[in-house]
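My entries follow in the order I made them.

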Amino acid sequence: MSDSPKPDIPVFAPHLKALVHVIFERAGWNQRDAALAADHLVLANLSGHDSHGVGMVPRYLLAAAKGLLKRGPTITTVVDAGALLTLDGGMGLGQVVGFDAMNLAIGRARIHGVCVLSLRNTHHLGRIGHWGEQVAAAGLVSISYVNVIGRPALVAPWGGTRARFSTNPICIAIPRADADPVVLDFATSRIAHGKTRVAWKRGVPVADGNLLDRDGKPTNDPSVMWVEPLAALLPFGEHKGFGLGFMCELLAGGLSGAGTIPGRMDWGVIDNNMLSIVIDPARLGGGASYAAETERLIEWVTSTPPAEGFDRVRIPGEPEREMRARRGASGVPLDPTSWSEIVAAAVGLGLTREDVARVARVNIPG
Ligand code: NAD
């Protein structure tokens, strides 16, 4: 790892979105799908989750070039039984399949009060909070469990030394009447795998307690997750995070029939399966009190004096919105390696470096 990391390149969100849009269109996606992908990826960066932002674009394009990530309409219906809906994403772009699948689930929940959506075989669904926010914007609650197959295992089980499953995220999103939703959205590993990519590319270590090396010993070196032979992330919260990640594997992969991780690991593609329960709060009996109760709880929880090192208590979803305000004003900081990979991907699709500089409004040294 280098001692002095190179400075980040700030790119303003609208320009970054324009660049990602052009890249996806050049790579064969239609205008609508390219816009959905650009919106999703740039919002992940704006939210502070660079691990699930535009730095993924080169990997997506590589998967598409290998025929592992598909273009065009890819969703097929496997089970359609009213409130129960099983969809196959056909390995389409997760940013598009997720959007369309969630819209279908929202429609079902409006009719039946609830929808249990099982979405299988979708290319990387990105920041799962994006889907929670989409459902919350429709006034509905969602609970999502995700597993990841089709890439090497990344997370060691509690008490183990070798990776056995992935970073399996969970998202719970609760809409509020006149305020932004509560959005709990995290990987069940101590940190998202993509955060080790960002640290590795920036040339910085990761904090203590996140990684095991190839001998199963603690390490701070993020390269152990990217340079063969690969090592392991630790689950968050010891046996509790491990238990939740394990359940994601069973709920999103096992229950849907999509499959779990053993025997289906390959670097070529990121394959997500997601079980989402979408609930119309107005139909569950607590309709009248639910909104007021949510506000009462938030006020109660955030009224505690802050602990040392904290300015105040935040509710889930707030840090992302604060980061959006900051990065919206100052630009999205892209690490130089990720930026040069994005430029290379654009050039590989026939754009010139001048085109990239013009669209992103960034100076690119010759
Ligand atoms: P994280 O550790 O940053 O935790 C984020 C969650 O914690 C958010 O809900 C946030 O609002 C809340 N939070 C953070 N600080 C808080 C504070 N001080 N007070 C209250 N709440 C706080 O997230 P992560 O585990 O690094 O995951 C990052 C992203 O990676 C997520 O969006 C996740 O969906 C995504 N992910 C996707 C996949 C996939 O395969 N698609 C896999 C793993 C992770």
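I began with the ligand. E7 gives the most to the shell around the ligand, with four residues. Helices (H or I, at least four residues) and strands (E, at least two) are DSSP runs, numbered from the N terminus. I noted that this is a predicted model, where local features need pLDDT of at least 70, side-chain atom pairs count only at pLDDT 80 or more, and totals for chains, interfaces and linings use all residues. Residues are numbered from 1 along each chain as its sequence is written, and side-chain values use heavy atoms, with hydrogens and water left out.

How many residues surround the ligand? I found 22, and the closest are Asp-185, Ala-187, Lys-195, Gly-317 and Glu-320. A residue is near a molecule if one of its heavy atoms lies within 4 Å of it. I sorted the shell by class: 10 residues are nonpolar, seven are polar and five are charged. Here Ala, Val, Leu, Ile, Met, Phe, Trp, Tyr, Cys and Pro count as nonpolar, Asp, Glu, Lys and Arg as charged, and the others, Gly among them, as polar.

**Polar contacts.** Next I looked for pairs of N or O atoms within 3.5 Å. Ile-128 has a backbone N or O atom 3.0 Å from an oxygen atom of the ligand. Val-183 places a backbone N or O atom 2.9 Å from an oxygen atom of the ligand. Asn-272 uses its side chain: a polar atom there lies 3.0 Å from a nitrogen atom of the ligand. I then checked the cover. On its own the ligand has 870 Å² of accessible area, and the protein covers 81% of it. These areas come from the Shrake-Rupley method with a 1.4 Å probe.

**The largest pocket.** Which space does the ligand take? I found that it is the largest pocket. A molecule sits in a pocket if more than half of its atoms lie within 2 Å of its grid points. The search uses a 1 Å grid over the protein atoms alone: a cavity is a set of points where a 1.4 Å probe fits but cannot get out, a pocket is an open set with protein on both sides within 12 Å along at least five of seven lines, and lining residues have an atom within 4 Å of a point.

The largest pocket holds about 650 Å³ of space. Its lining has 35 residues, and His-49, Ser-51, His-52, Ala-192 and Lys-195 lie nearest its centre. Strand E7 (182-186), helix H6 (193-202) and helix H9 (318-330) each give two or more residues to this lining. H6 has the largest share, five residues. By class I listed 13 nonpolar, 12 polar and 10 charged residues.

**Cavities.** How many cavities of 30 Å³ or more are there? I counted two. The largest cavity has about 70 Å³ of space. Its lining includes Asn-45, Asp-50, Arg-197, Arg-202 and Asp-335. H6 and strand E12 (332-334) each supply at least two lining residues, and H6 gives the most, with three.

The second largest cavity has a volume of about 30 Å³. Among its lining residues are Trp-29, Asp-33, Lys-70 and Gly-92. I classed that lining as four nonpolar, three polar and two charged residues.

**Backbone.** Last, I checked the backbone. Most residues other than glycine have a negative phi, and most peptide bonds are trans. Met-91 is not a glycine, yet its phi is positive, about 55 degrees. I placed Met-91 in the loop between strand E3 (84-88) and helix H4 (94-112). Glu-228 and Pro-229 are joined by a cis peptide bond, with omega about -5 degrees. Pro-229 is in the loop between strand E9 (218-219) and strand E10 (232-233).

Definitions and conventions
Points joined across faces, edges and corners; volume = space filled by probe spheres on them. Polar contact = N/O pair within 3.5 Å; in protein donor to acceptor, adjacent residues only side chain to side chain.
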